[in-house]
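This report describes one protein chain, part by part. Please look over the sequence and the structure before reading on.

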Amino acid sequence: MARPTKYSPELVNQICTLIADGLTLTYICNSDNKYPDISTFWDWLNKYPEVSQTYARAREAQAEVLADQIIEEADKATQENANAVRIKVDARKWVAERASPKRWGNKQSVEHSGEIQGNISKIEMIVIDPPNGDTSTKNCEGVSSSS
């Protein structure tokens, strides 16, 4: 049976329901010939705004499912399988952060109080990701402020 290439809102809803249930788009498109090739789905995303909106909502719901899976996986951890569980948890965290960054992404807050006088020639921002212990420095050259 050939894969569908003709756009169908019903088919998009089926796919997005499976995504919301926690499956990946790649898995869905490869699992059954009743689903389009992944490149066809990407074409639909670009061509039909309603597909993009439905897909975005499905990805946000998927992030919630992944958060639940993180707890389930962590609860299964033993001394013998701790590393494997950590990999599963980290992968789900990574996807959830990107699928729904407002809810699950790392949050950064910048506060300033007081007056700025003169010109600012350099701003340096240090980003710290405590769970991974990663730090990075970003320079913003040529930023100026007038008093």
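## Terms and confidence

Two residues are in contact when heavy atoms of theirs lie within 4.5 Å. A residue is called buried when its relative accessible area is under 20%, and exposed when that area is over 50%.

The model is predicted. Its pLDDT averages 82 over the protein, and 84% of the residues score at least 70. Among the elements, helix H1 (residues 9–20) has the highest mean pLDDT, 96, while strand E2 (residues 134–141) has the lowest, 51. Over residues 142–147 the pLDDT stays under 50; for this stretch the model has 13 contacts beyond four places in sequence.

Leaving aside residues up to four places away in sequence, Ile-15 touches Leu-25, Ile-28, Tyr-35, Pro-36 and Phe-41.

## Helix H5

Helix H5 covers residues 82–99, which is 18 residues. At 1.5 Å a residue it should span 26 Å, and its end C-alpha atoms are 25 Å apart, so the two values agree.

Which residues of H5 are buried? They are Val-85, Val-89, Ala-96 and Ala-99. These residues lie on the same side of H5, because they cover an arc of only 95° around the axis. Their cover includes helix H4 (49–75) and helix H6 (101–104). The face turned away from the buried side carries the exposed residues Asn-83, Ile-87 and Trp-94.

How values were computed: Residues numbered from 1 in each chain as written. Predicted model: local features only at pLDDT ≥ 70, side-chain atom pairs only at ≥ 80, totals over all residues. Heavy atoms only, no water. Helix = DSSP H or I, 4+ residues; strand = E, 2+ residues; numbered from the N terminus. Expected span 1.5 Å × (residues − 1). Buried < 20%, exposed > 50% of the residue type's maximum accessible area, 1.4 Å probe, protein only. Arc of directions from axis to C-beta. pLDDT = per-residue confidence, 0-100.
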